[in-house]
Amino acid sequence: MDDGYDAIVVGARCAGSPTAMLLARSGHRVLLVDRATFPSDTVSTLMIHAPGVAALRRWGLLDAVTASGCPPIDRYTFDFGAFTIAGTPRPCEGGSTAYAPRRTHLDRVLVEAAVAAGAELRERVTVEDVLRDDDGAVAGIVGHGPGGRPVRERARVVIGADGRSSRVARAVGAEEYMDRPRLMWSAYTYWTGLPVDAFGTVARPGRGWASLPTSDGLTLVVVGWPYAEAAAVKADLERHYLDSFELAPAFAERVRAATRVDRFSGAAVPNTFRATGGPGWALVGDAGYVKDPITAQGISDALRDAELCAAAVDQGLRGEASLADALGRYQFERDTRSLPMYGFTTGLATLEPPAPEVAQLLAAVSRDQAAMDDFVSMTAGTLSPEEFFSPEHIGPILSAAGRG
């Protein structure tokens with residue numbers, strides 16, 4: 001057998017397709033496989049924050065993504081009951097706008113971009129294991145296609161972009177670290193007659209939900225409960241979902257006047273990092289790093305990490321650096337960028353009331369528009385939680401509130 005492809009990317013959604021596209025644009029021979037067909041839906045909070053939007057703009061794909069009719073989202077709101085924080089995020093590469101397209105549209109655009117760049121796409125392919133050379137390095141994939149047809153392909157690098165339950169990660173025994181358990185169980189559905197013009201979050205002790213506008217005039221509303229309550233919630237999901245809104249009566253009244261147009265989808269995810277690569281393999285997207293969806297960072301992270309992963313693999317394939325060194329730098333960069341948001345997200349996902357000093361800070365933030373803009377910038381991913389919560393940043397906010 002010859003060396004086959006330069007890279008095989010397993011998983012063709014919002015991490016895999018951009019990785020395949022970028023490698024193909026760099027001149028590599030790429031095979032992109034997925035067990036699904038496109039367009040198709042998947043569980044998702046849909047939100048693409050400003051950093052993800054900037055990536056789509058750089059790649060020349062933003063117009064195609066927004067063609068689904070998903071409206072721009074320029075404002076974020078956080079209703080804490082006693083007060084509300086509302087603002088516009090700091091810009092990323094000149095833009096603060098977010099979008100929330102349906103995944104049936106977004107993933108199709110990304111797949112088509114990978115194919116247009118020269119990647120070969122095979123749908124309805126299930127990868128069961130990896131091939132290995134005599135020295136133990138990963139050298140390809142083994143699986144089956146439509147009708148059970150065997151699939152056996154070789155590549156210099158196999159990239160797992162197959163989600164948090166990644167078969168590639170399991171096959172290579174990718175190291176996991178900084179694990180935290182499932183913290184929240186969430187469920188969502190789509191509504192018509194419930195217009196919203198912001199990424200709106202409502203936080204109450206033990207409950208939280210978010211609403212955002214998406215394609216076709218629809219609104220997605222996702223509700224979260226502590227993971228310990230998941231079994232009870234799932235036993236009567238619609239009741240628990242609707243009852244949550246009674247904690248904010250004005251929103252509950254709006255929901256009663258709206259119409260649900262889709263089934264409920266629910267999930268809970270672990271919080272973990274995985275090693276980004278090893279001999280002949282790499283991981284990207286949720287296959288390599290996953291956290292609770294309460295801050296809706298998954299798509300933006302996937303697009304960011306696709307660039308990091310593709311650049312590292314490109315260096316290794318061209319011999320500009322060893323693949324091990326390039327993937328090591330990718331892992332360091334990913335973790336450095338991700339850790340502050342990881343801590344912020346896992347803290348929020350407990351749905352516990354904030355500590356008194358944090359509640360005091362949030363109340364002070366709500367009285368200062370610049371501070372509110374900075375707070376919403378954390379969720380948008382344009383300001384690190386590490387910077388927001390630094391003494392140099394919060395000191396003046398608390399001092400101004402005290403003087404007020």
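**Entry 1: a buried threonine**

I started with Thr 276 and asked which residues it touches. Leaving out anything up to four places away in sequence, I found Trp 281, Ala 282, Leu 283, Leu 327, Tyr 330, Gln 331 and Arg 334. A reminder to myself: this is a predicted model.

Next I checked where Thr 276 sits, and it is in the loop between β16 (271-274) and β17 (277-278). Is Thr 276 buried or exposed? Its relative accessibility is 1%, so I put it down as buried, since buried means under 20%.

**Entry 2: a glycine in a helix**

I moved on to Gly 328, which is part of helix α10 (residues 323-348). I got 37% relative accessibility for Gly 328, so it goes down as partly exposed.

**Entry 3: the whole protein**

Time to zoom out. I counted 14 helices and 19 strands. The C-alpha trace spans about 70 × 45 × 40 Å along its principal axes.

What radius of gyration would a compact globule of 404 residues have? The rule says near 22 Å, and the protein has 22 Å, so the two agree. Of the 404 residues, 57% count as buried.

I also looked at contacts between residues at least 6 apart in sequence, and 73% of those join residues at least 24 apart.

**Entry 4: α1 against α4**

Here I compared helix α1 (residues 16-25) with helix α4 (residues 103-117). Their axes are 8 Å apart and the packing angle is about 20 degrees. α1 and α4 are therefore roughly parallel to each other, as angles under 35 degrees count that way. I noted the crossing of α1 and α4 as left-handed.

Who makes the contact? From α1 I listed Ser 17, Pro 18, Ala 20, Met 21, Ala 24 and Arg 25, and from α4 Leu 110, Val 111, Ala 113, Ala 114 and Ala 117. Sorted by class, that contact has nine nonpolar residues, one polar and one charged. One thing I reminded myself of: an α-helix has 3.6 residues a turn, so residues three or four places apart point the same way.

**Entry 5: α2 and its cover**

Which residues of helix α2 (residues 50-58) are buried? I found Ala 50, Gly 52, Val 53, Ala 54, Ala 55 and Leu 56. Their cover includes α3 (62-66), α4, α9 (298-318) and α12 (369-380).

The axes of α2 and α9 come within 8 Å and cross at roughly 45 degrees. That angle makes α2 oblique to α9. α2 passes α9 in a left-handed crossing.

On the α2 side I wrote down Gly 52, Ala 55, Leu 56 and Arg 58, which meet Ser 300, Leu 303 and Glu 307 in α9. By class, this contact of α2 with α9 has three nonpolar, two polar and two charged residues.

After α2 comes Gly 60, with a positive phi near 80 degrees.

Most residues other than glycine have a negative phi, and most peptide bonds are trans. I went looking for exceptions.

- The peptide bond from Phe 38 to Pro 39 is cis, with omega near 5 degrees. Pro 39 lies in the loop between β2 (30-34) and α2.
- Glu 93 isn't a glycine, yet its phi is positive, near 50 degrees. I found Glu 93 in the loop between β4 (84-87) and α4, and it counts as exposed at 52% relative accessibility.
- Met 178 isn't a glycine either, and its phi is positive at about 55 degrees. Met 178 is in strand β9 (residues 176-180) and is partly exposed, with a relative accessible area of 37%.

I finished on Asp 162, in the loop between β8 (150-160) and α5 (167-172). Asp 162 is partly exposed, with a relative accessible area of 22%.

What does Asp 162 contact, leaving aside neighbours within four places in sequence? My list reads Val 10, Gly 11, Arg 167, Val 168 and Ala 287.

Technical notes:
Residues are numbered from 1 along each chain as its sequence is written. This is a predicted model: local features need pLDDT of at least 70, side-chain atom pairs count only at pLDDT 80 or more; totals for chains, interfaces and linings use all residues. Side-chain values use heavy atoms; hydrogens and water are left out. Axes are lines fitted to C-alpha atoms, for helices over the stretch in contact, and angles run from 0 to 180 degrees between N-to-C directions. Helices (H or I, at least four residues) and strands (E, at least two) are DSSP runs, numbered from the N terminus. Angles under 35 degrees count as roughly parallel, over 145 as roughly antiparallel, 65 to 115 as roughly perpendicular and the rest as oblique. A crossing is left-handed if the near helix is turned anticlockwise from the far one by less than a right angle, and right-handed if clockwise. Contact means heavy atoms within 4.5 Å. Ala, Val, Leu, Ile, Met, Phe, Trp, Tyr, Cys and Pro count as nonpolar, Asp, Glu, Lys and Arg as charged, and the others, Gly among them, as polar. Buried means under 20% relative accessible area, exposed over 50%, partly exposed in between (1.4 Å probe, protein chains only). The radius of gyration is taken over C-alpha atoms; the globule rule is 2.2 Å times the number of residues to the power 0.38.
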